[in-house]
Amino acid sequence: MGFSRTTAGFRNYQSSHDSQMFYIGMRILKTRGRRAAFNIYLHESVGGTDYVNSREISCEMVLEPEPKGYTIVPTTIHPGEEAPFVLSVFTKASVTLEAL
């Protein structure tokens with residue numbers, strides 16, 4: 001699925017130089033202004049993806065305005081699997097992104 005800059009959505013890419021691909025997914029959490037806990041399932045999930053063995057995943061959704069924001073959590077299916085990634089966010093509205 002492709003996105004244009006006018007379509008709201010999220011993309012998560014695994015770096016192409018990685019020799020091993022992991023099952024990747026993401027969750028969008030309502031964390032009420034707090035940092036996401038180690039166990040992301042302690043927070044209200046408002047969307048996300050299934051885990052897939054791919055270099056790219058995408059998730060398109062419409063979110064209600066939330067004064068305290070949302071947290072996007074790119075994850076692998078197994079603990080300890082780490083790799084560089086790129087997260088791109090495309091919106092129709094103005095947003096502020098902060099790294100945690």
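Visitor: Which residues make up the largest nonpolar core?

Guide: Please note that this model is predicted. As a general idea, nonpolar side chains in soluble globular proteins tend to be buried together. Here the largest nonpolar core has seven residues in all: F22, I24, M26, I28, I57, C59 and M61. Strand 2 (23–30) and strand 5 (56–59) each supply at least two residues of this core. The largest share, three residues, comes from strand 2.

Visitor: How many salt bridges does a search of the whole structure find?

Guide: The search of the whole structure finds one. Its partners are E66 and K30, whose closest N and O atoms are 3.8 Å apart. This pair links distant parts of the chain, 36 residues apart: E66 is in the loop between strand 5 and strand 6, and K30 is in strand 2.

Visitor: Is E66 buried or partly exposed?

Guide: E66 has a relative accessible area of 23%, so it is partly exposed; buried would require under 20%.

Visitor: Which backbone oxygen does the side chain of T76 reach at 3.2 Å?

Guide: That oxygen belongs to E81. A polar atom of the T76 side chain also lies 3.0 Å from the backbone oxygen of H78. T76 itself is found in strand 6, residues 71–76. Leaving aside residues up to four places away in sequence, T76 touches F22, Y23, I24, Y51 and E81.

Key:
Residues are numbered from 1 along each chain as its sequence is written. This is a predicted model: local features need pLDDT of at least 70, side-chain atom pairs count only at pLDDT 80 or more; totals for chains, interfaces and linings use all residues. Side-chain values use heavy atoms; hydrogens and water are left out. A nonpolar core is a set of buried Ala, Val, Leu, Ile, Met, Phe, Trp, Tyr and Cys residues joined through side-chain atoms within 4.5 Å. Buried means under 20% relative accessible area, exposed over 50%, partly exposed in between (1.4 Å probe, protein chains only). Helices (H or I, at least four residues) and strands (E, at least two) are DSSP runs, numbered from the N terminus. A polar contact is a pair of N or O atoms within 3.5 Å; within protein, one must be able to donate a hydrogen and the other to accept it, and residues adjacent in sequence count only if both atoms are side-chain atoms. Contact means heavy atoms within 4.5 Å. A salt bridge is a side-chain nitrogen of Lys or Arg within 4 Å of a carboxyl oxygen of Asp or Glu.
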